[in-house]
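Welcome, and thank you for taking a look at this structure. Please keep the view open while you read, and follow along one region at a time.

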Amino acid sequence: MCANTTDAPVLVAGAGPVGMTAALALHARGIETAILEADPEDRDRSGSRAIYVHGSTLRTLERIRPGLGTDLVDEGLVWPTRRTLYKGEEVFNRTYDSPGGSGDIPHFTSVPQVVTEQYMLDALEDIGIDIHWESEVVSVDSSSEGVTVETDDGQEWEAEYVVGADGGGSTVRKEIGANFEGDQSENAFIIADVEDEEINDGHPDLERMFHYDAPEADGRNVLLVPFTGGWRLDIQCIEGDDPEDLSSDERMREFVRDVMGEEYEDKLKWVSSYHFLQVMADTFVDDHRRVLLAGEAAHLLAPFGARGMNSGIADADEAASAIAVALNARTEAVARDEVELYAARREKAAEYNLNAAGQALEYLQGDDPATVLRKEVAAEMSEYFETAGEWLDDAPYGPHGAPPIVSTGSY
């Protein structure tokens, strides 16, 4: 085993958006760090994935690295119109005159995750934070004095603290003895990217559209969202569907043609199918309060309300804050308390986000007679009462409120 000589007091496992945010947030607080990433530098990052970046997340990124949040705003889209249809009939339509928000930061921006990651990579390079590619974490050994990390390239790393941001299959989580608890969605979902090079040049139909029981998709729920470079098409499978068959190129081209129009049929770029997990770790920190989990290493959420990456970035920023206080604490007890406070706050936030995403998931996939009846009544009343249509428009994304904790933004 070869010992690594890095002087960084903090190691981050994972170079996704959460891990890179943790490194940037630590640097902003004057703490040197290094990132260990299992993938090679030329890793495949296909698919738009987390396209919706909330305003609170943009403000966090702008605070820890001035220019990062506004760069993402410049690269992204802010669609002005929300529209919802019920069995082919429009029940809600609202267009906003301006994106709103504070200063240069709107309420959100819609941009592919690969673009977000590239700006983060550029920021890390600018400030000299090293990413050690092809350095997969294979063991984590913590004590009251610090943490020893081994990677599969034969290196041994020493650090005072570790942020585990190595995704849903997190080795860091497993090494500290934390376990996922929860379940997964009953229905499968198919997600596709449809290319549209003209969308950045003032597309005339820039709107987020949700279809309940879309006739064009044989009665399946459909979500259509614009982002820089194209459209996200989400299709909820129904009972009896074979996700593998439906996600084939031939079937997806048919969906794209029927939902979006013939001009998009040949612009299908990427397709994937999922059963969404709703799980969180039973602890976000190790016994010695030296390892902090963040993002998908700590929780996996159904995507409704775009809580995944956004809550992970909030985790990363708070982890950096806790570590900064702990490193400067006068006693070990104070340092432990700060890390425990991180765990308490972010576990509370994760519980809230799981419940919120779960409400949306149950609403979409459930066949509870009362819920079905409420949808039908709301659709019938939407012609006369806008609030009925707005309820149909809002419900698939879960509640809009923030977690019941202080100063963590929206997630």
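## A walk through the model

Helices α2 and α3 are oblique to each other, a word used here for angles that are not under 35 degrees (roughly parallel), over 145 (roughly antiparallel) or 65 to 115 (roughly perpendicular). Before going further, please note that this is a predicted model, in which local features need pLDDT of at least 70 and side-chain atom pairs count only at pLDDT 80 or more, while totals for chains, interfaces and linings use all residues. Residues are numbered from 1 along each chain as its sequence is written, and side-chain values use heavy atoms, with hydrogens and water left out.

Back to the two helices: α2 (residues 55-64) packs against α3 (residues 68-75) at an angle of about 135°, and their axes are 6 Å apart. Such axes are lines fitted to C-alpha atoms, for helices over the stretch in contact, and angles run from 0 to 180 degrees between N-to-C directions. Helices (H or I, at least four residues) and strands (E, at least two) are DSSP runs, numbered from the N terminus. On the α2 side, L58, L61 and E62 meet L68, G69, T70, L72 and V73 of α3. The residues of this contact divide into five nonpolar, two polar and one charged; Ala, Val, Leu, Ile, Met, Phe, Trp, Tyr, Cys and Pro count as nonpolar, Asp, Glu, Lys and Arg as charged, and the others, Gly among them, as polar.

Next, find strand β5 (residues 81-86), where six of six residues are buried, meaning under 20% relative accessible area, with exposed being over 50% and partly exposed in between (1.4 Å probe, protein chains only). In a regular strand the side chains alternate between the two faces of the sheet. Here T81, R83 and L85 lie on one side and R82, T84 and Y86 on the other, and both faces are covered.

| Partner of β5 | Sense | Bridges | Facing residues |
|---|---|---|---|
| β6 (residues 89-95) | antiparallel | six | R82 and R94 |
| β15 (residues 207-214) | parallel | six | L85 and H211 |

Another sheet is open and has three strands in the order β13-β19-β21, with antiparallel pairing. Strands β13 (180-184) and β21 (299-300) each have a single partner strand, so one side of each is left without a neighbour in the sheet. Helix α9 (residues 332-365) packs on this sheet, touching β19 and β21, and its direction makes about 170° with that of β19. Two bridges join β19 (residues 277-281) to β21, and M280 has H299 as its bridge partner.

Where does E37 lie? It is in the loop between β3 (33-36) and β4 (52-54). E37 counts as buried because its relative accessibility is 8%. Leaving aside neighbours within four places in sequence, E37 is in contact (heavy atoms within 4.5 Å) with residues including G14, R43, W133 and E136.

Finally, V256 sits in helix α7 (residues 249-260) and, at 0% relative accessibility, counts as buried. Not counting residues up to four places away in sequence, V256 touches V194, L233, G261, Y264, E265 and L268.

Note on methods. Pairing = 2+ DSSP bridges.
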